[in-house]
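Keep the 3D view open as you read.

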Amino acid sequence: LAWQRVVRDARAADAGVAADLLVSMRGELGLEAAGPVRTALVRAVVDGQRADGSWGRRPSAPLQEVLVNTAWAARSLPEDQRAARLRAGAALERYLHEVKDPYTAALVLATGLVDADAAAPLLTTLGEGIRRRDDGTPWVEVPAGVVNPWGLPPVPAEVTAAAVLALPDGPDRRDLAAALLSGWSAVDGFRAARADARALEALAVALPTTTAPVTVTVLADGEAIASG
């Protein structure tokens with residue numbers, strides 16, 4: 001049923017919807033129809049790129065919204081779309097001096113399209129936005145007025161996921177990933193709507209993995225009641 005909805009939405013997807021779907025279609029999906037659909041979505045994103053290298057979901061929008069849309073769309077494209085990604089990188093670099101908030105800085109950094117020298121101020125902006133609660137749990141403070149690619153205030157899980165994908169490996173990244181995981185619900189996911197897929201990607205990148213068997217033990221009142 002989920003795949004049927006993807007096919008339906010992909011038929012006439014604009015660049016924004018195509019980028020949203022591509023973010024959720026990374027890796028091997030095990031579906032024969034996924035290849036042609038993914039190819040069509042990539043073409044929709046590339047065709048929707050503006051002449052200056054940016055993307056937008058509205059005819060006119062604040063620069064901050066254009067930057068997050070450009071970062072989101074560029075990161076949805078596969079590595080072989082070099083021309084579109086290079087144009088996007090140039091568009092982002094032109095306006096790096098306008099990035100003032102940690103959320104936008106994180107999305108731009110996560111594209112991997114900004115070179116190390118240009119990325120340094122963005123990492124500083126992101127780092128300055130990380131706060132810690134009394135128990136040590138980290139969170140990222142986003143100023144009022146900042147919006148996500150859909151023109152809405154970004155929810156905490158969305159901001160945290162962007163920060164995890166942008167930061168180099170270290171205590172902040174690992175602690176933010178742990179905080180992100182702790183907020184997951186079997187019913188509501190991360191409550192980040194279309195950014196839930198990016199949250200899953202952030203966890204896959206940042207948390208340690210193992211290929212060996214893992215023993216899980218259930219405790220009740222300190223007593224082990226089941227193990228497997």
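This is a predicted model: local features need pLDDT of at least 70, side-chain atom pairs count only at pLDDT 80 or more; totals for chains, interfaces and linings use all residues.

Rings of Phe, Tyr and Trp, with the six-membered ring taken for Trp, pair if their centres lie within 6.5 Å, and planes over 60 degrees apart count as edge-to-face. By this rule there is 1 aromatic pair. W72 and W150 form it, edge-to-face, with 5.0 Å centre to centre and 75° between the planes. W72 lies in helix α4 (residues 63-76), while W150 lies in the loop between β2 (138-140) and α8 (156-166), so the pair ties together parts that are 78 residues apart in sequence. Both W72 and W150 are buried.

The largest nonpolar core has 65 residues. L41, V45, W55 and L180 have the most contacts inside it. Helix α8 gives the largest share of this core, 8 residues. Look at L180 in particular. Beyond its neighbours within four places in sequence, L180 is in contact with A157, T160, A161, F190, A199, A202 and L203.

Which helix has 9 of its 9 residues buried? Helix α6 (residues 102-110) does, so it is largely enclosed by the rest of the structure. Its buried residues include P102, Y103 and L107. What do the buried residues of α6 pack against? They pack against α4, α5 (82-94), α7 (116-128), β2 and α8. At its start, a side-chain oxygen of D101 reaches to within 3.1 Å of the backbone nitrogen of Y103. Just after α6, G112 takes a positive phi of about 75°.

Is Q49 buried or exposed? Q49 has a relative accessible area of 11%, and buried means under 20%, so Q49 is buried. A polar atom of the Q49 side chain lies 2.9 Å from the backbone oxygen of G53. Leaving aside neighbours within four places in sequence, Q49 is in contact with S54, W55, A84, R87 and A88. W55 is also one of the residues with the most contacts inside the largest nonpolar core.

Two loops deserve a backbone check. Most residues other than glycine have a negative phi. R191 has a positive phi, near 60°. R191 is found in the loop between α9 (171-182) and α10 (196-206). At 49% relative accessibility, R191 counts as partly exposed. D221 also has a positive phi, near 55°. D221 is found in the loop between β3 (217-220) and β4 (223-227). With 83% relative accessibility, D221 counts as exposed.

Finally, step back to the whole chain. The protein chain has 10 helices and 4 strands. From the N terminus on, the order is α-α-α-α-α-α-α-β-β-α-α-α-β-β. Of its 228 residues, 45% count as buried. A compact globule with 228 residues would have a radius of gyration near 17 Å; the protein chain has 19 Å, which agrees. Along its principal axes, the C-alpha trace spans about 65 × 45 × 30 Å. Among contacts between residues at least 6 apart in sequence, 56% join residues at least 24 apart.

Definitions and conventions:
Residues are numbered from 1 along each chain as its sequence is written. Side-chain values use heavy atoms; hydrogens and water are left out. Rings of Phe, Tyr and Trp (its six-membered ring) pair if their centres lie within 6.5 Å; planes under 30 degrees apart count as stacked, over 60 as edge-to-face and the rest as tilted. Buried means under 20% relative accessible area, exposed over 50%, partly exposed in between (1.4 Å probe, protein chains only). A nonpolar core is a set of buried Ala, Val, Leu, Ile, Met, Phe, Trp, Tyr and Cys residues joined through side-chain atoms within 4.5 Å. Contact means heavy atoms within 4.5 Å. A polar contact is a pair of N or O atoms within 3.5 Å; within protein, one must be able to donate a hydrogen and the other to accept it, and residues adjacent in sequence count only if both atoms are side-chain atoms. The radius of gyration is taken over C-alpha atoms; the globule rule is 2.2 Å times the number of residues to the power 0.38.
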